[in-house]
Amino acid sequence: MHKENIITAGKPVAAATKALIMVHGRGASAEDILSLAKWFPVGDYALLAPQATNHTWYPQSFLAPPAQNEPWLSSALDLLKKMTGQLQQQGIAREHIYFLGFSQGACLTLEFIARNAARYGGAVAFTGGLIGDRLYPENYQGTFEGTPVFIGSSNPDFHVPVERVQASAALLQSMGADVTEKIYDNMGHTIIEDEIRLATERVFG
C-alpha cells in the first residue's frame, strides 16, 4: 500500500498558518506537482506532496468500478485523511487547509473532499472527476460550508469525460461547495494559464 512518503516545500508547518496538499497524477511524482506552486500566491503556505507507491494512486481508470481499484484507492484516501489530521494537530486550522491535484491526483482530491466534506480553505482539480463507474452519493457526507472549488478540464479529454466533470461539480455544489467549473475546447491533457488565473482568483484569492 501507499507509504507515508511526503515531500515538503514552502514554510515549515510550525511556522505556517495555511497548508496546501498537492496530489500528483499517474506516472508523475511529488516533485512534479510541487513545481506548480510557483504559479500560485502560496509563498507563506506549508506545501506537502505525498508520493504514490509506483507513481500511481490506483491501478485502473478512475471510471472503473471502485472495487477494481482497491485496496489502493482506500489506501490513498486514508493517506490524505492522515495528512489533514496531522496538519490540524500541528496547528493548521481545517479552514486553512487547501488541496490541488492534476489528472489522477485531481480525481483523488475530489473523491477525498467529497467523502470528508467540511469547510476547507479550497480545492483545485485540474482535469478530474469523482471516482467510480458512476457517482456513489452514499459515499459522500458532510457539508462544504462554501468552500471554494475550481475544476478545469478539456472537451474532449482522453481520460476524463466532460459529463463526469459536470456531474462531479454539480454534486459538490449540492453539498455546499462554491464551485467554479470551466471546460476548455481542445485544451489537451494539460494545465493552461487561464486555469491558473481562475484557480488563483477563486481559491487562493
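Here is a short tour of a predicted model, with something to select at each stop.

**Stop 1: the sheet**

Switch to a cartoon view and find the open sheet of seven strands. Going across, the order reads β1-β3-β2-β4-β5-β6-β7, and the pairing is mixed. Which strands sit at the edges? Select 6-10 for β1 and 178-185 for β7: each of these pairs on one side only. Look along the sheet and you'll see neighbouring strands turned against each other by 15° on average, direction ignored.

**Stop 2**

**Stop 3**

Now colour residues 104-115, helix α3. This helix lies across four strands: β2 (18-23), β4 (97-102), β5 (122-126) and β6 (148-155). Against β4, α3 runs at about 145°. Next, colour residues 162-174 to bring up helix α4, which packs on the sheet and touches β6 and β7. Its direction makes about 170° with that of β7.

**Stop 4: the largest pocket**

Rolling a probe the size of a water molecule over the atoms shows where empty space is left. The largest pocket here has a volume of about 260 Å³. Which residues are closest to its centre? Select Arg26, Ser103, Gln104, His159 and His189; they belong to a lining of 13 residues. By type, that lining splits into six nonpolar, six polar and one charged.

**Stop 5**

Most residues other than glycine have a negative phi, and most peptide bonds are trans. Time to look for some exceptions.

- Zoom in on glutamate 70 and proline 71: a cis peptide bond joins them, with omega about 5°. Proline 71 is in the loop between β3 and α2 (72-89).
- Stay in the loop between β3 and α2 and select histidine 55. Histidine 55 isn't a glycine, yet its phi is positive, at about 65°.
- Then jump to asparagine 155 and proline 156, joined by a cis peptide bond with omega about 0°. Proline 156 has its place in the loop between β6 and α4.

**Last stop: the annotated span**

Finally, select residues 13-199. An unreviewed UniProt entry lists them as "domain: Phospholipase/carboxylesterase/thioesterase". The end C-alpha atoms of this span lie 23 Å apart, and the span is 29% helix and 21% strand.

Definitions and conventions:
Residues are numbered from 1 along each chain as its sequence is written. This is a predicted model: local features need pLDDT of at least 70, side-chain atom pairs count only at pLDDT 80 or more; totals for chains, interfaces and linings use all residues. Side-chain values use heavy atoms; hydrogens and water are left out. Two strands pair if DSSP finds at least two bridges between them. Helices (H or I, at least four residues) and strands (E, at least two) are DSSP runs, numbered from the N terminus. Axes are lines fitted to C-alpha atoms, for helices over the stretch in contact, and angles run from 0 to 180 degrees between N-to-C directions. Contact means heavy atoms within 4.5 Å. UniProt positions are given in the numbering used here, feature names are shortened, and annotations may be inferred rather than shown by experiment. On a 1 Å grid over the protein atoms alone, a cavity is a set of points where a 1.4 Å probe fits but cannot get out, and a pocket is an open set with protein on both sides within 12 Å along at least five of seven lines; lining residues have an atom within 4 Å of a point. Grid points are joined across faces, edges and corners, and a volume is the space filled by probe spheres set on the points. Ala, Val, Leu, Ile, Met, Phe, Trp, Tyr, Cys and Pro count as nonpolar, Asp, Glu, Lys and Arg as charged, and the others, Gly among them, as polar.
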